[in-house]
Amino acid sequence: NGGGYSVFFYACMNGNNSIVQIQLEDERTDIMLSNIENWSPLMRAAYHGYTETIKRILSVNDWRRVDIQQKITNDNWGIKAGSNALDIAKQRGYNN
């Protein structure tokens, strides 16, 4: 749909690893498509502590690159502006 909420985004946000894997195997999937708040699928997985989902995203080894330094632009969902996926996980208390 509009606003960057793709099937892949929702799958990452909900920790649905079977859909995440299917989407990762489809080279048409834009794995860095952010929502209107500049959250990437990786950031949403980090926010919810979905370690397996994060590992799957980071394992992508093709022309698509994951920007692990992407930052959110506004304070949102209790997360400070300027935070990247690792910062988000730390702020939420996930240390793995």
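Angles under 35 degrees count as roughly parallel, those over 145 as roughly antiparallel, 65 to 115 as roughly perpendicular, and the remainder as oblique. The views below show a predicted model, in which local features need pLDDT of at least 70, side-chain atom pairs count only at pLDDT 80 or more, and totals for chains, interfaces and linings use all residues. Residues are numbered from 1 along each chain as its sequence is written, and side-chain values use heavy atoms, with hydrogens and water left out.

**View 1. Helix 3 against helix 4.** Helices (H or I, at least four residues) and strands (E, at least two) are DSSP runs numbered from the N terminus. Helix 3 spans residues 41–48 and helix 4 spans residues 51–58, and their axes come within 8 Å and cross at roughly 155°; the axes are lines fitted to C-alpha atoms, for helices over the stretch in contact, and angles run from 0 to 180 degrees between N-to-C directions. The two helices, helix 3 and helix 4, are therefore roughly antiparallel to each other. Helix 3 passes helix 4 in a left-handed crossing, a term used if the near helix is turned anticlockwise from the far one by less than a right angle, whereas clockwise gives a right-handed crossing. On the helix 3 side, Pro41, Leu42, Ala45 and Ala46 meet Thr53, Ile54, Ile57 and Leu58 of helix 4, where contact means heavy atoms within 4.5 Å. Sorted by class, this contact of helix 3 with helix 4 has 7 nonpolar residues, 1 polar residue and no charged residues; Ala, Val, Leu, Ile, Met, Phe, Trp, Tyr, Cys and Pro count as nonpolar, Asp, Glu, Lys and Arg as charged, and the others, Gly among them, as polar.

**View 2. Helix 2 against helix 4.** The axes of helix 2 and helix 4 come within 10 Å and cross at roughly 5°, which makes helix 2 roughly parallel to helix 4. From helix 2, Asn17, Val20, Gln21 and Leu24 meet Glu52, Thr53, Arg56 and Ile57 in helix 4. By class, the contact of helix 2 with helix 4 has 3 nonpolar, 3 polar and 2 charged residues.

**View 3. The covering of helix 3.** Helix 3 is mostly covered, with 7 of its 8 residues buried; buried means under 20% relative accessible area, exposed over 50%, and partly exposed in between (1.4 Å probe, protein chains only). The buried residues of helix 3 are Pro41, Leu42, Met43, Arg44, Ala45, Ala46 and Tyr47, and what covers them includes helix 1, helix 4 and helix 5. Helix 3 is followed by Gly49, which has a positive phi near 75°.

**View 4. The largest nonpolar core and Trp39.** The largest nonpolar core has 23 residues, and Phe8 and Trp39 have the most contacts inside it; such a core is a set of buried Ala, Val, Leu, Ile, Met, Phe, Trp, Tyr and Cys residues joined through side-chain atoms within 4.5 Å. Helix 1 (7–14), helix 2 (17–25), helix 3, helix 4 and helix 5 (85–91) each supply at least two residues of this core. When neighbours within four places in sequence are left aside, the residues in contact with Trp39 include Phe9, Leu33, Arg44, Tyr47, Ile72, Trp77 and Ile88.

**View 5. Helix 1 and Ala11.** Within helix 1, Phe8, Phe9, Ala11, Cys12 and Met13 are buried, and the buried residues of this helix pack against helix 2, helix 3 and helix 4. Ala11 counts as buried at 5% relative accessibility, and, leaving aside neighbours within four places in sequence, Ala11 is in contact with Asn16, Ile19 and Val20. Ala11 and Glu52 are 41 residues apart in sequence and 12 Å apart in space, C-alpha to C-alpha. Just after helix 1, Gly15 takes a positive phi of about 65°.

View 6. Most residues other than glycine have a negative phi. Asn38, in the loop between helix 2 and helix 3, has a positive phi near 70° and is partly exposed, with a relative accessible area of 25%. Trp77, in the loop between helix 4 and helix 5, likewise has a positive phi, of about 55°, although it is not a glycine. Ser40, found in the loop between helix 2 and helix 3, is buried, with a relative accessible area of 1%. Not counting residues up to four places away in sequence, Ser40 touches Phe9, Met32, Leu33, Ser34 and Gln70.
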